[in-house]
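Please examine the sequence and the structure shown below. The paragraphs that follow lead through them step by step.

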Amino acid sequence: MAELTELTTAVATGQRAATLRLTQELLAAGHTPSSLVERALVPGMAIVGEQFKRNEIFVPEMLIAARAMKEALKILEPLLIAAGIKPKYTVIIGTVQGDLHDIGKNLISMMWRGAGFAVVDLGTNVSAERYLAAALEHQARLIGLSALLTTTMPAMKETVRVLKAAGVPHLRVVVGGAPITQQFADEIGADGYAADAGSAVELAHRLLAPAA
Amino acid sequence: MPQTDRSLALRTALALRPLLGDGATGTQLQELGLAPGACGELWNTQFPDRIRRVHRRYFEAGADLLTTNTFGGTSFVLESHGVTGRVAELNYAAARLAREIAGDRAWVLGDLGPFGGLLEPLGDTPPELAAAAFRAQADALLAGGADALLVETMSDPAEAALAVQAAKAAGADLVFATFTFQKTAVGYRTMMGTTAAAAVAAVVAAGADLVGANCGTALSLADYAHLTAELVAAAGALPVIVQPNAGSPRLVDGRISYAESAAQFAAAAPHLLAAGARLVGGCCGSTPAHIAALAPIVKAPSRPFPHPQPASITLA
């Protein structure tokens, strides 16, 4: 009989067909959709994030793993919705105003989805007002801002300023992108910075964890 | 001078001495008023004088090659800005502008940047669509008077190879191909995990005549010297081109500023040349001042080639 760990491995190594088969077998064996997500998919994508952080894998392997995960979610998400089970956290992501680049943003979006969050992806060229409106609409706890162009770093600063000034309780703002550094994140008052898609998951967990 | 003669002269010059590239275009255009994230390629027809001004500054700084303002000139990138049906017009105009300033005193490098997405099977873009986009851009750049084409800031070796093949098919005599690397725990890699050796091999197989690196994430000028040595080892007989950023960008008083000064560029240049670079220029944040500081070092007539096979470029 299929084991949850097999599904974890299938996702982490990007085996799409095996992921699909194991998801169906495990469901047939009586596992709940939420236990498949929490005990197989999330750990599988966590392995991917760790390997990516350690430069053991790169963007292609991460994309392939995320694609396998999406195959499983295609089956599981309708079941979760039918059962009224919602992700614990909703997070917002987008590339800041003036910037049309989305490869990095899409990677974070996939990894956050893989961490079990509901991800609202606003796309590229997103104004501060749109981030804020989405956060309020979805009662999000976390917003991720991406930028590739050095020239849109001021837009990131302005977005953080607007979001912070809005004073939404419990809303955290994190930033990332090729030109972004921890120092820059600190200077513009962001709540966090992640250097890569693996670290972005850890950062989100750290900021979303209930205060001890 | 006809294009073929200029191209032969470029091959000859590359065999004789290190050449000086130019610096960043985008950051220069922002200084002239381009809004952050706006489509700079539109300025090739809208504000040609501003593009001429940037080329003239680099020419006066001593650049041997002027790079066209067409980094985002593929249909893919232009369409992301809502600009449709203008690939030929904007790229042709850009090459004309660089040609006007360069005359026969400098060479024009037609610039092709990434198309902005990911190729199948990893992404959604069929390779033939990306290839057609690169081909259309290359055709217009050559028609406008580019002497050589530069495929730059590449991460995916498959995409770089497509662009090089398109440039060659369009009739470019010389095609340069450069990748953007980051420093990882396992050495210098592109975003796709490609090593310098694998990156070089991919574009050489596609027909590239010069190979190298530009831009780069969080690479210091010292990193650039190490990376140059790796590229030279991988390139064999082909000349290596390096165009570093002026350090990592920082926000100072609301403005983006780059850490590496012109003096630091000049100090790094001998190391890049000693590692075997044959064409040195600058990427993001580098200015005419950076290029002017490089000029006496890169263009020193007495500088001997450290590379053991300096005359290996075939004169067509």
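In helix H6 of chain B, the buried residues are B:Val87, B:Leu90, B:Asn91, B:Tyr92, B:Ala93, B:Ala94, B:Ala95, B:Leu97, B:Ala98, B:Arg99, B:Ile101 and B:Ala102. A residue counts as buried if 20 or more other C-beta atoms lie within 10 Å of its own, as exposed if 12 or fewer do, and as partly exposed in between, with C-beta atoms placed from the backbone. Helices (H or I, at least four residues) and strands (E, at least two) are DSSP runs, numbered from the N terminus. The model is predicted: local features need pLDDT of at least 70, and side-chain atom pairs count only at pLDDT 80 or more, whereas totals for chains, interfaces and linings use all residues. Residues are numbered from 1 along each chain as its sequence is written, while chains are lettered from A and ligands numbered from 1 in the order in which they are written.

H6(B) covers residues 87-102, and 12 of its 16 residues are buried. Its first and last C-alpha atoms are 22 Å apart, close to the 22 Å expected at 1.5 Å a residue; the expected span is 1.5 Å times one less than the number of residues. The cover over its buried residues includes helix H3 (43-46), helix H4 (48-61), strand E2 (65-67), helix H5 (75-80), E3 and H7 of chain B. Just after H6(B), B:Gly103 has a positive phi of about 50°.

Helix H8 of chain B (residues 157-169) can be examined in the same manner. Its 13 residues should span 18 Å at 1.5 Å a residue, and its end C-alpha atoms are 18 Å apart, which agrees. H8(B) is mostly covered, with 10 of its 13 residues buried; among them are B:Pro157, B:Glu159, B:Leu162 and B:Gln165. These buried residues pack against strand E3 (107-112), helix H7 (127-143), strand E4 (148-154), strand E5 (175-179) and helix H9 (196-206) of chain B. After H8(B) comes B:Gly171, with a positive phi near 110°.

B:Leu8 and B:Asp173 are 165 residues apart in sequence, yet 8.7 Å apart in space, C-alpha to C-alpha.

Chain A is divided into domain 1 (4-82) and domain 2 (90-208), with bounds from an automatic or database domain assignment. The C-alpha centres of the two domains lie 25 Å apart. Contact joins 14 residues of domain 1 to 11 residues of domain 2, where two residues are in contact if their C-beta atoms, placed from the backbone, lie within 7 Å. On the domain 1 side, H3(A) gives the most, with 10 residues.

H3(A) also meets helix H9 of chain A: their axes come within 7 Å and cross at roughly 125°. The two helices are therefore oblique to each other. Angles under 35 degrees count as roughly parallel, over 145 as roughly antiparallel, 65 to 115 as roughly perpendicular and the rest as oblique. Axes are lines fitted to C-alpha atoms, for helices over the stretch in contact, and angles run from 0 to 180 degrees between N-to-C directions.

Finally, the contact between the chains takes 22 residues from chain B and 23 residues from chain A. On the chain B side, E10(B) supplies the largest share, three residues.
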